[in-house]
Amino acid sequence: MTEIHAITTHHEYSEGRRKIVHVGFGLIAFTFGVIPWTLAAVIAFAAILFNLWILPRVGGRAISRADAGTDIGIILYPISVLTLIVIFRHQPQIAAVGWIALAFGDGMATIIGRNLGGPRVPWNPQKSLLGSLGFFEVALPAAWVAA
């Protein structure tokens, strides 16, 4: 076990730390239209590799819901971003809007949902109505700014 691995992976899981990484990566979406789509795609692909091999070692259980130090969401997030970038390569503002909604909206939904609670949505008892509203309150204005 490396020294970094020993230091960083003993922390207990924190949804807050996870969302900081989630939202922080989403800040890159504001560069769409300025950087070429190929560079954005390379960044998203690098994030996939980083999340597969490096993040579990430096973030470990502190940001992962899985006992192994990684979970499927940490991999699917940059795959979704890469997919948006490739599909909308000629309309980077659409890819940016999707990515920003994913990063900022989901982050706020978690913060509001966990802290304020409230009634649950019928299709998923782990999600709250207030968290869903928080998603839209942040995702829509942030997406508008990016567009």
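pLDDT is the predictor's confidence in each residue, from 0 to 100. This is a predicted model, and the mean pLDDT of the protein is 80. A pLDDT of 70 or more is reached by 82% of the residues.

**Confidence along the chain**

- Among the elements, helix α3 (residues 37–53) has the highest mean pLDDT, at 92.
- The lowest mean pLDDT among the elements, 42, belongs to helix α1 (residues 3–8).
- Over residues 1–9 the pLDDT stays under 50. For this stretch the model has 12 contacts beyond four places in sequence.

**Helices α6 and α7**

- Helix α6 spans residues 92–116 and helix α7 spans residues 129–146. Their axes come within 7 Å and cross at roughly 150 degrees.
- Angles over 145 degrees count as roughly antiparallel, so α6 is roughly antiparallel to α7.
- The crossing of α6 past α7 is right-handed.
- On the α6 side, the residues that meet α7 are Ala96, Val97, Ile100, Ala101, Phe104, Gly105, Asp106, Met108, Ala109, Ile112, Gly113 and Leu116.
- On the α7 side, the residues that meet α6 are Leu130, Gly131, Gly134, Phe135, Val138, Ala139, Ala142, Ala143 and Ala146.
- The residues of this contact of α6 with α7 comprise 16 nonpolar, 4 polar and 1 charged.

**Helices α5 and α6**

- Helix α5 covers residues 72–87. The axes of α5 and α6 come within 8 Å and cross at roughly 160 degrees.
- With that angle, α5 is roughly antiparallel to α6.
- From α5, the contact involves Tyr77, Ser80, Val81, Leu84 and Ile85. From α6, it involves Ala95, Gly98, Trp99, Leu102 and Ala103.
- The residues in the contact of α5 with α6 are 8 nonpolar and 2 polar, with no charged residue.

**Aromatic pairs**

- Rings of Phe, Tyr and Trp pair if their centres lie within 6.5 Å, and by this rule the count comes to 5 aromatic pairs.
- One of the pairs is formed by Phe30 and Phe104, whose ring centres are 5.8 Å apart. Their planes stand at 70 degrees, so the pair is edge-to-face.
- Phe30 lies in the loop between α2 (15–26) and α3, while Phe104 lies in helix α6. The pair therefore ties together parts that are 74 residues apart in sequence.
- Phe104 is also among the α6 residues that meet α7.

Definitions and conventions
Residues numbered from 1 in each chain as written. Predicted model: local features only at pLDDT ≥ 70, side-chain atom pairs only at ≥ 80, totals over all residues. Heavy atoms only, no water. Helix = DSSP H or I, 4+ residues; strand = E, 2+ residues; numbered from the N terminus. Contact = heavy atoms within 4.5 Å. Axes fitted to C-alpha atoms, helices over the stretch in contact; angles between N-to-C directions. Parallel < 35°, antiparallel > 145°, perpendicular 65-115°, else oblique. Left-handed = near helix turned anticlockwise from the far one by under 90°. Nonpolar A, V, L, I, M, F, W, Y, C, P; charged D, E, K, R; others polar. Phe/Tyr/Trp six-rings, centres within 6.5 Å; stacked < 30°, edge-to-face > 60°.
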